[in-house]
Amino acid sequence: MSALLSVTDAHVAYGKVEAVRSVSLEVGANEIVTIVGANGAGKTTLLSAIMGILPLKGRVSFAGQDLARLDIEDRVAMGLGLVPEHRELFVTMNVEDNLELGAFRIERSKAKASMERVYTLFPRLKERRKQLAGTLSGGEQQMLAMGRALMGEPKLLMLDEPSLGLAPIIVADIFRIVTELRASGVSVLLVEQNAQAALKIADQAYVMELGEFVLSGKASDIAANERVAASYLGFQHEGASAI
Amino acid sequence: MNTTIMLFLVQDGITNGAIYALLGLALVLVFAVTRVILIPQGEFVTYGALTYASLAAGQMPGTAKLALALGVGAFAFDLFVARRALHGRLILRSLVTNVALPAIVLALTTYFAAQKPPVAVSIALSLVIVAMIGVYLYRIAFQPLAHTSVLVLLIASVGVHLALQGLGLLFFGAEGQRGPAVLSGAFTAGALRFTGQSLTVYGITIAFIVGLWLFFGLTLYGKALRATAVNRLGARLAGIRTTLSGQIAFLLASVIGALSGILIVPITTLYYDSGFLIGLKGFVAAIIGGLVSYPLTAVAALVVGIVEAFSSFYASNYKEVIVFMLLIPVLLLRSLAAPAVEEEKD
């Protein structure tokens with residue numbers, strides 16, 4: 001079976017500075033794939049380029065179609081969703097309006113059912129549905145950003161640092177929901193600094209350093225890798241040498 | 001000054017202020033959605049007014065031809081963009097909305113102009129013609145620059161204004177025109193005399209403001225427009241095209257402009273270049289509203305209208321000076337209240 005998202009030999013540059021170099025990755029159906037790496041490794045840049053926000057040199061195909069000529073809106077309509085690091089909510093509009101707009105490209109008849117599904121995943125949003133997005137707490141804003149993206153019925157949801165700056169209890173909640181998404185047939189490409197949590201729920205993993213993938217494989221193997229453990233998981237296996 | 005004069009001036013000010021309010025709201029809307037400071041708003045006013053007056057006088061307005069020419073230009077832009085992947089349906093849609101529609105309107109205008117159409121037909125044709133000009137202008141002059149800075153968009157906006165003003169002279173000549181009243185008749189209440197036309201102005205302004213409020217508050221497209229204004233990237237990630245939002249904003253702005261023109265051309269004589277000054281007063285209101293606040297803009301527009309009415313009574317030579325001087329304390333206050341910000345880089 002061919003992959004849902006496949007990126008081949010991707011380069012992304014800001015002017016003359018190459019932030020992502022020769023990166024290839026695949027996300028299959030019903031799969032959680034995570035990219036872990038330090039701050040500034042190029043993870044966010046890569047996601048933005050896959051979404052079409054930044055120009056990308058190389059090949060990106062989604063559901064068997066080349067994305068090169070498609071802009072952000074077309075990619076959304078195809079079922080590719082991004083929850084960006086800064087969430088980009090409509091802060092002066094209420095929760096319900098934010099969600100409704102997430103279904104802008106979906107038939108109106110389906111949007112109602114979509115909203116019920118989002119409210120089931122995030123009961124907190126239902127309680128706050130008339131509240132302005134800008135007045136929500138950080139965790140609620142993250143839930144709203146994910147909910148808005150899910151309203152578009154994505155086949156693949158890309159999450160950029162969903163746990164950043166959130167209380168541990170909310171982080172656990174968000175990671176639980178990510179696994180629920182996989183169960184309901186949505187693939188997830190997860191970019192995280194919290195490598196430990198991300199590797200625990202992911203199927204496949206890539207380790208990014210200075211714009212390149214230095215390791216890839218099954219998430220459980222990556223988690224067991226000594227070098228990864230030392231640099232990203234904050235502990236050393238017995239007998240592991242410092243890098 | 002006696003009460004009668006004062007009431008009369010206030011009434012006059014509110015009538016003008018209502019028009020400025022409509023224009024100010026359109027300016028805020030266009031700026032919020034597209035970041036374009038819409039200098040040609042005044043030309044939408046004159047084009048609407050003079051197209052209406054010409055039709056009512058049984059003359060063929062040149063604006064109908066301009067709409068077709070701009071439509072062909074917009075179609076050419078669409079074709080150029082789609083040159084690598086020729087989608088039959090998209091091109092057909094572009095052909096219908098950009099070429100067939102203005103061609104049909106041109107034919108209708110030619111037919112009706114020859115036989116002095118009723119007021120309602122003149123109004124409808126004028127609104128449609130100016131609306132098309134507005135939307136095609138967005139496609140040609142602003143959509144290709146949508147990602148550039150506010151300054152570049154402003155320069156394009158000035159360019160469009162100058163071009164439209166020149167074309168206005170070509171189409172309508174240097175003489176002023178007046179149009180027939182939309183609603184004739186009048187009645188008096190105490191010392192005040194209300195003409196049908198001024199009541200029409202109030203009625204349509206209120207209806208439009210309520211209509212816009214409902215559109216933005218309740219409809220999906222209205223919400224999409226607000227969303228684009230609040231967060232452009234967020235809107236794109238929700239699948240809302242910025243070009244669609246821009247088209248809707250320009251459509252509303254051109255209809256509002258043309259409607260304002262049709263409302264005032266029975267009250268005052270309008271020339272091909274009168275619109276600029278009228279648009280600027282809407283702009284003063286929009287600036288007082290910080291180019292973001294709709295209610296503040298509407299209130300400011302009424303103040304602008306009333307100040308204008310009083311200054312034209314007391315010091316008619318300095319009327320414009322006094323109105324535009326309103327800006328100075330407002331800008332001072334705003335600059336003191338808000339810290340200096342660099343233009344957003346997006």
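At what angle do the axes of helix H4 (residues 88–113) and helix H5 (residues 119–142) of chain B cross, and within what distance do they come? In this predicted model, the two axes cross at roughly 150° and come within 11 Å.

## The H4–H5 pair of chain B

With that crossing angle, and with angles over 145 degrees counted as roughly antiparallel, H4(B) is roughly antiparallel to H5(B). The crossing of H4(B) with H5(B) is left-handed.

From H4(B), the residues B:Asn98, B:Leu101, B:Pro102, B:Val105, B:Leu108, B:Thr109 and B:Phe112 take part in the contact. Their counterparts in H5(B) are B:Val121, B:Leu125, B:Val128, B:Ile129, B:Met132 and B:Tyr136. The contact of H4(B) with H5(B) comprises 11 nonpolar and 2 polar residues, and no charged residues.

## Overall form of chain B

Chain B contains 14 helices and 2 strands. Its radius of gyration is 20 Å, close to the 20 Å that the globule rule gives for 346 residues, so chain B is as compact as a globular protein of that length. Along the principal axes, the C-alpha atoms of chain B fill a box of roughly 70 × 60 × 35 Å.

The strands S1 (residues 186–189) and S2 (residues 192–195) of chain B are paired in the antiparallel sense over 4 bridges. Within this pairing, B:Thr188 has B:Arg193 of S2(B) as its bridge partner. S1(B) and S2(B) form a hairpin with 2 residues between them, and B:Gly190 in the turn has a positive phi of about 65°.

## Helix H11 of chain B and its partners

Helix H11 (residues 274–288) of chain B packs against helix H2 (residues 41–56) of chain B at an angle of about 130°, with the axes 7 Å apart. H2(B) and H11(B) are therefore oblique to each other, and their crossing is right-handed. H2(B) contributes B:Gln41, B:Gly42, B:Glu43, B:Val45 and B:Thr46 to the contact, while H11(B) contributes B:Ser274, B:Gly275, B:Phe276, B:Ile278, B:Gly279 and B:Gly282. By class, the residues of the contact of H2(B) with H11(B) are 3 nonpolar, 7 polar and 1 charged.

Helix H1 (residues 3–34) of chain B also packs on H11(B): the axes come within 8 Å and cross at roughly 65°. That angle makes H1(B) roughly perpendicular to H11(B), and the crossing is right-handed. In H1(B), the residues B:Tyr20, B:Ala21, B:Leu23, B:Gly24, B:Leu27 and B:Val28 form the contact. They meet B:Ile278, B:Gly279, B:Lys281, B:Gly282, B:Phe283, B:Ala285 and B:Ala286 in H11(B). The contact of H1(B) with H11(B) divides into 9 nonpolar, 3 polar and 1 charged residues. B:Ile278, B:Gly279 and B:Gly282 of H11(B) take part in the contacts with both H2(B) and H1(B).

## The six-strand sheet of chain A

Chain A has an open sheet of 6 strands, with the order S6-S7-S8-S3-S9-S10 and mixed pairing. Strand S6 (80–83) and strand S10 (212–218) of chain A stand at the edges with a single partner strand each, so one side of each is left without a neighbour in the sheet. From one strand to the next, the twist averages 15°.

Strand S7 (residues 156–160) and strand S8 (residues 187–192) of chain A run parallel and are joined by 5 bridges. A:Leu159 has A:Leu190 in S8(A) as its bridge partner. Helix H7 (residues 168–183) of chain A packs on the sheet, where it touches S3, S7 and S8 of chain A, and its direction makes about 155° with that of S8(A). Helix H1 (residues 43–51) of chain A lies across strand S3 (32–37), S6, S7, S8 and strand S9 (204–209) of chain A, and runs at about 145° to S7(A).

## The four-strand sheet of chain A

An open sheet of 4 strands in chain A has the order S2-S1-S4-S5 and antiparallel pairing. Its edge strands are S2 (17–27) and S5 (65–66) of chain A, each of which pairs on one side only. Strand S1 (residues 5–14) of chain A pairs with S2(A) in the antiparallel sense over 7 bridges. A:Ala10 stands opposite A:Val23 in S2(A).

## The interface between the chains

Contacts between the chains involve 17 residues of chain B and 21 residues of chain A. On the chain B side, helix H8 (220–230) and helix H9 (232–237) are the elements that give two or more residues. The largest share of that side, 6 residues, comes from H8(B). The residues of chain B that touch chain A divide into 9 nonpolar, 3 polar and 5 charged.

Terms used: Residues numbered from 1 in each chain as written. Chains lettered and ligands numbered in written order. Predicted model: local features only at pLDDT ≥ 70, side-chain atom pairs only at ≥ 80, totals over all residues. Axes fitted to C-alpha atoms, helices over the stretch in contact; angles between N-to-C directions. Parallel < 35°, antiparallel > 145°, perpendicular 65-115°, else oblique. Left-handed = near helix turned anticlockwise from the far one by under 90°. Contact = placed C-beta atoms within 7 Å. Nonpolar A, V, L, I, M, F, W, Y, C, P; charged D, E, K, R; others polar. Pairing = 2+ DSSP bridges. Rg over C-alpha atoms; globule rule 2.2 N^0.38 Å.
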